[in-house]
Amino acid sequence: MKVEVERQPGFVSKLQIELPPEEVEKEWDAIANSFARFAKIPGYRPGKAPRTVIDKRFRKEIQDELTKKLVSKSYHEAIAQEQLRVASLTNIEEIQFGEDKSMRFRATVVTAPEFELPDYKNIPVQLPETKVSDAEVDAALERLRDQSADFVDVPARELQMGDFAVIDFEGSVDTRPISEIAPQASKNLQGGTKFWLHLAADNFLPKFCEQLIGQKTGETRLVIVEFPAVFPVKELAGKKADYAVTLREIKEKVLPQIDDALAAKLVPDKTLADLRQMIEHDIEHAKQHDVERAKEAQILKYLHERIQFELPPALLQNETRRALAELVQRNRERGVTDEMLKEKEKELIDGAAGLAATRLKTNFILHRIAERENIQVKKEDVDLRIKQEAARYDISPEKMRKELQQKDALDDVAEQILVGKTLDFLKANVSIGPAEESTVKEEKP
């Protein structure tokens with residue numbers, strides 16, 4: 001096989017690949033013979049048509065099948081022959097068959113940047129403390145206690161800070177309902193019925209809660225809200241709004257005692273001691289995850305600081321597009337409107353570019369370490385990951401595989417597994433220094 005490599009700027013290489021006639025002819029004969037066995041041609045019994053007839057009648061089909069078989073095979077052989085580290089195959093084009101049965105085609109690839117790896121074994125890391133303190137268990141119990149609180153009616157007094165008010169309210173600006181002025185704004189800005197509001201300083205809208213102090217059940221008050229000049233909803237920025245607020249109910253939050261009864265309510269048939277033990281186990285498990293994340297973060301920081309290279313522009317552009325799409329989707333899920341996203345366009349693009357550069361650099365480094373350490377992804381690894389993902393979405397592994405194939409995402413799965421295996425290798429070979437102090441201190445008696 002003859003291979004010519006033309007290196008271009010931006011880590012782009014063009015490969016002219018030519019296969020010798022004997023190799024092409026051998027494969028052509030095998031495919032043509034397969035057609036001959038099953039072809040139905042008038043005037044000939046099945047399997048008895050001469051090869052010249054088969055070659056002429058099915059020339060296009062044989063060439064298509066030949067192309068599928070030989071292009072992929074010869075492309076990978078050419079990459080190995082030229083010892084190219086290909087990061088992305090951009091295009092395969094100009095597939096031609098010569099009169100002498102030779103075949104040639106052109107492949108355009110983006111190659112990985114060249115760089116030297118530092119000593120990546122025994123990377124020094126400092127890990128957070130994994131011991132669980134009584135104070136941490138107490139704090140978790142307090143959160144569970146808060147989640148188990150009851151809300152009781154308080155009909156005999158006026159509204160005060162700390163209460164939960166159940167209100168009907170409607171906002172307007174210059175006598176026009178906010179729902180008309182800013183239809184895209186949150187419903188909570190426009191108004192609502194049976195709306196639960198915790199009365200606390202700086203909660204909800206500016207100075208809203210403070211103006212409800214002393215209100216009685218059934219009473220309607222006019223609450224005036226001045227929106228700041230810089231406000232996410234443009235139609236309301238710098239405006240003064242009037243809210244007609246009717247108090248329907250006053251609720252008081254009553255916390256339960258931390259005892260066996262609370263434990264049994266949260267986890268049937270368990271005592272407070274059992275609950276504390278379960279909480280301690282959960283916190284310990286979470287801290288172990290923190291340890292793994294800390295290892296990973298410090299390993300990548302160490303490698304990024306010691307390895308510098310230019311990123312292929314085409315790959316960086318593609319990764320930036322993907323990162324931007326992720327950021328936009330994440331913000332939309334948080335309730336950020338398209339108008340607000342448009343206002344933050346430059347900020348989002350800059351953030352996506354930074355994220356993309358970090359991701360791309362990390363992948364190049366980890367791939368080079370995987371190559372050095374002969375870390376590979378086996379078929380069983382991919383099968384297991386597909387099975388795990390299928391269980392996560394409660395579908396069959398066969399359906400999950402089919403969906404991944406339709407999205408052309410099986411290579412992405414293998415990529416994730418390779419990166420994960422390489423990180424696991426690095427984490428297993430760190431040098432652990434003194435533990436970081438826990439942010440939660442043990443309370444002294």
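Buried means under 20% relative accessible area, exposed means over 50%, and partly exposed lies in between (1.4 Å probe, protein chains only). This is a predicted model, in which local features need pLDDT of at least 70, side-chain atom pairs count only at pLDDT 80 or more, and totals for chains, interfaces and linings use all residues. Residues are numbered from 1 along each chain as its sequence is written, and side-chain values use heavy atoms, with hydrogens and water left out.

**View 1. Phe227 and Phe231 form a tilted ring pair.** Rings of Phe, Tyr and Trp (its six-membered ring) pair if their centres lie within 6.5 Å; planes under 30 degrees apart are stacked, over 60 edge-to-face, and the rest tilted. Here the centres are 4.8 Å apart and the planes meet at 45 degrees. Phe227 is buried, with a relative accessible area of 4%.

**View 2. Phe151 and Trp196 meet edge-to-face.** Their ring centres are 5.5 Å apart, with the planes at 90 degrees. Phe151 counts as partly exposed at 35% relative accessibility, and Trp196 also counts as partly exposed, at 43%.

**View 3. Ring pairs join five named residues into a cluster: Phe169, Phe195, Phe204, Phe208 and Tyr243.** Looking across the whole structure, a search finds 13 aromatic pairs.

**View 4. Arg306 places its charged end over the ring of Tyr302.** The distance to the ring centre is 3.7 Å. A charge sits over a ring if NZ of Lys or CZ of Arg is within 6 Å of the ring centre and within 35 degrees of the ring normal. Now find Arg368, which lies over the face of Phe115, 4.2 Å from the ring centre.
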